[in-house]
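Reader: I am new to this structure. Please pick one part and take me through it closely.

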Number of protein chains: 2
Amino acid sequence: MGLEDGAKATAEEMLRAIAEPNRRAILQLVATEEMAAGEIAARFAVTRPAISQHLTVLRETGLLSERRVGTRRLYRARPEGLAELRAFLASMWPDTLERFKAHAEAVSQAAPAPTALKERASTENGGD
Amino acid sequence: MGLEDGAKATAEEMLRAIAEPNRRAILQLVATEEMAAGEIAARFAVTRPAISQHLTVLRETGLLSERRVGTRRLYRARPEGLAELRAFLASMWPDTLERFKAHAEAVSQAAPAPTALKERASTENGGD
DNA sequence: CACTTACGTAAGTGATTGCTAACATCTGAT
DNA sequence: ATCAGATGTTAGCAATCACTTACGTAAGTG
């Protein structure tokens, strides 16, 4: 109805996918080892079809890979998808923290020591 | 309603917040400098109340900070919230995935795993 | 072939979401 | 106090979501 989205929104689908608690739990469950759909569903309170739909969502967003063996379908987290997601977040906010610190320095030069800039390692982790 | 710098928002709320395209756009808009609510709304196709609600969501999740001056409310992205979100993602998927990826590439030929990766042999599988 | 196992798919439902329009609140100036 | 500007808040609605039940599909076994 409104304007068009413009973005194909692969990143958006990923974000919406991991915004679901059950889907995040699934991702963690198959993070290091592949697991059959039924076995995954057995560890949740919801029914198997619900898990199946979650698996479909995760697979279509590239966060999960599927492998068929016999009548089973083995799922496993796809590191590439997760890396893509983190890359998107990193590109969205390149170094906002650093810029904020620079800005804070600029406006706080009213009272504190004017001795250059001081290290501010007490903030939250700045890694990654 | 008291609202100070108290990030009591869960990671899920943050994820759901940034899953919204308009909210992500707002975050990018006020990433480096603060902006009034009306001015933010003026850059979107939706109405001001809609933007106001988005601002409330972002503020309550700790992704945005508010500052009142006169009749205006100036918003700005909160780097601490963004860092918290990225820290959550990092903790959710440790480097295990990257190591697994490298491992998968290594064994994609034929070489067996140097480390025992098979431990959870719940259902029988033709370990081929 | 029938029968079972394992899984996806379709249809329907209650809850949530994002939006708009109208109303309320707060601030500063006349 | 009265007015005007800027913003938050409420009520209501269409769309989406996550879930369940029932059915369909595919692979293995007798």
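Predicted model: local features only at pLDDT ≥ 70, side-chain atom pairs only at ≥ 80, totals over all residues.

Author: Start with the sheet in chain B. This open sheet has three strands in the order β1-β3-β2, with antiparallel pairing. Strands here are DSSP runs of E with at least two residues, helices are runs of H or I with at least four, and both are numbered from the N terminus. Two strands pair if DSSP finds at least two bridges between them. The edges are β1 (35-36) and β2 (64-69) of chain B, each pairing on one side only. Six bridges link β2(B) to β3 (residues 72-77) of chain B, and the two run antiparallel.

Residues are numbered from 1 along each chain as its sequence is written, while chains are lettered from A and ligands numbered from 1 in the order in which they are written.

Now chain A. Chain A has six helices and three strands. Along the sequence they follow the pattern α-α-β-α-α-β-β-α-α. Strand β1 (residues 35-36) of chain A pairs with β3(A) over two bridges, in the antiparallel sense. Here Ala36(A) stands opposite Leu74(A). β2(A) also pairs with β3(A) in the antiparallel sense, over six bridges. In that pairing Leu64(A) faces Ala77(A). Two residues lie between the strands of the β2(A) and β3(A) hairpin, and Gly70(A) takes a positive phi near 65 degrees there.

Stay on β2(A). Arg67(A) lies in this strand, which spans residues 64-69. Is Arg67(A) buried or exposed? Arg67(A) counts as exposed because 10 other C-beta atoms lie within 10 Å. The cut-offs within that 10 Å are 20 or more for buried and 12 or fewer for exposed, with partly exposed in between; C-beta atoms are placed from the backbone. Beyond its neighbours within four places in sequence, Arg67(A) is in contact (C-beta atoms within 7 Å) with Glu34(A) and Leu74(A).

Residues count as near a strand if their C-beta atom lies within 6 Å of it. Of the 21 residues around DNA strand C, those that come nearest include Ala36(A), the residue opposite Leu74(A). β3 (72-77) of chain A gives at least two residues to this surface, as do α3 (37-42) and α4 (48-60) of chain A and α4 (48-60) of chain B. The largest share, five residues, comes from α4(A). By type, the surface has seven nonpolar, eleven polar and three charged residues. Asp, Glu, Lys and Arg count as charged; Ala, Val, Leu, Ile, Met, Phe, Trp, Tyr, Cys and Pro as nonpolar; the others, Gly among them, as polar.

Turn to the interior. Buried residues make up 21% of the 128 residues in chain A. The largest nonpolar core has 38 residues, and among those touching the most other members are Leu58(A) and Leu63(A). Such a core is a set of buried Ala, Val, Leu, Ile, Met, Phe, Trp, Tyr and Cys residues joined through C-beta atoms within 7 Å. Its largest share, five residues, comes from helix α1 (residues 10-18) of chain A.

Notes:
Contact = placed C-beta atoms within 7 Å.
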